[in-house]
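This report describes the architecture of one protein chain.

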Amino acid sequence: ALPVLEANLAMLRRYRADEDSILTTQGNLASCLVELERYDEALVLNREIYARMVAKFGMHERTIGVSCNLITCLNNLELWGESESLLERVLPVARRTLGADHHLTLILGHQMSNALQNRPMRTRKDVLEAETILQDVVQRRLRVFGRAHPETPRVERALSNVRNMLAHTRGA
């Protein structure tokens, strides 16, 4: 798929396609790179896409979706500080504009929890905040999407892992 996406992007650029088509193809290419675990390359592309989306649309729903992809790359590369900084800007906007139950807002909440619990200088307070965020995300996912949605068990496992982390730090 990667060579096809690269060829498609080259063709779009050569024939001066509209920016939306190019951004969409770049996003597909970045997603493919993530699936191939080529996170550094995906990060460069996602940063470019995010910057162009913010410039073109502001913090629109599409831009928030692109921010999720960028944050995923940052988390995969363990760039927790940068991830958390971006999340602190995007998550309140997502809650305000899309609502707390929107799937992108829930993804961002899960990602904020990841950033809090995985950063190198985390405190017990950070892990407690991560647990609180995940509890909210799990409750909303169950209510809005149900247990059968593929993200619901993933977030439930994440909550269980945070609770285990807390139990181990309590005993230490």
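## Helix α6

Helix α6 comprises 16 residues and spans 23 Å from its first C-alpha to its last, close to the 22 Å expected at 1.5 Å a residue; the expected span is 1.5 Å times one less than the number of residues. Helices here are DSSP runs (H or I, at least four residues), and strands are runs of E with at least two, both numbered from the N terminus.

Twelve of the 16 residues of α6 are buried, leaving the helix mostly covered. Buried denotes under 20% relative accessible area, exposed over 50%, and partly exposed the range in between (1.4 Å probe, protein chains only). Among the buried positions of α6 are Leu104, Leu108, Met112, Ala115 and Leu116, together with His110 and Gln111.

## Basis of the model

The model is predicted: local features require pLDDT of at least 70 and side-chain atom pairs count only at pLDDT 80 or more, whereas totals for chains, interfaces and linings use all residues. Residues are numbered from 1 along each chain as its sequence is written, and side-chain values use heavy atoms, with hydrogens and water left out.

## Overall organisation

The chain contains eight helices and zero strands. Its C-alpha atoms fill a box of roughly 60 × 30 × 30 Å along the principal axes. Of the 172 residues, 42% are buried.

Contact is defined as heavy atoms within 4.5 Å. Of the contacts with a separation of 6 or more, 57% join residues 24 or more positions apart.

## Packing of α4 against α5

The axes of α4 and α5 come within 10 Å and cross at roughly 155°. Axes are lines fitted to C-alpha atoms, for helices over the stretch in contact, with angles from 0 to 180 degrees between N-to-C directions.

The crossing of α4 past α5 is left-handed, that is, the near helix is turned anticlockwise from the far one by less than a right angle. On the α4 side, the contacting residues include Ile64, Ser67, Leu70 and Ile71, and their counterparts in α5 include Leu86, Val90, Val93 and Ala94.

## The nonpolar core

A nonpolar core is a set of buried Ala, Val, Leu, Ile, Met, Phe, Trp, Tyr and Cys residues joined through side-chain atoms within 4.5 Å. The largest one has 49 residues, and Leu29, Ile49, Ile64, Leu86 and Leu108 have the most contacts inside it. At least two residues of this core come from each of α1 (2-14), α2 (19-35), α3 (39-57), α4 (61-76), α5 (80-97), α6 (103-118), α7 (124-144) and α8 (151-171).

Beyond residues up to four places away in sequence, Ile64 touches Met59, Val90, Val93, Ala94, Thr97, Leu98, Leu104 and Leu108.

## Selected residues

Gln26 belongs to helix α2 and is buried, because its relative accessibility is 0%. Its contacts, leaving aside neighbours within four places in sequence, are Leu9, Arg13, Leu45, Glu48, Ile49 and Arg52. Thr152, in helix α8, is likewise buried, with a relative accessible area of 1%. With neighbours within four places again left aside, Thr152 contacts Arg141, Leu142, Gly146 and Arg147.

Val144 is located in helix α7 and counts as partly exposed because its relative accessibility is 38%.
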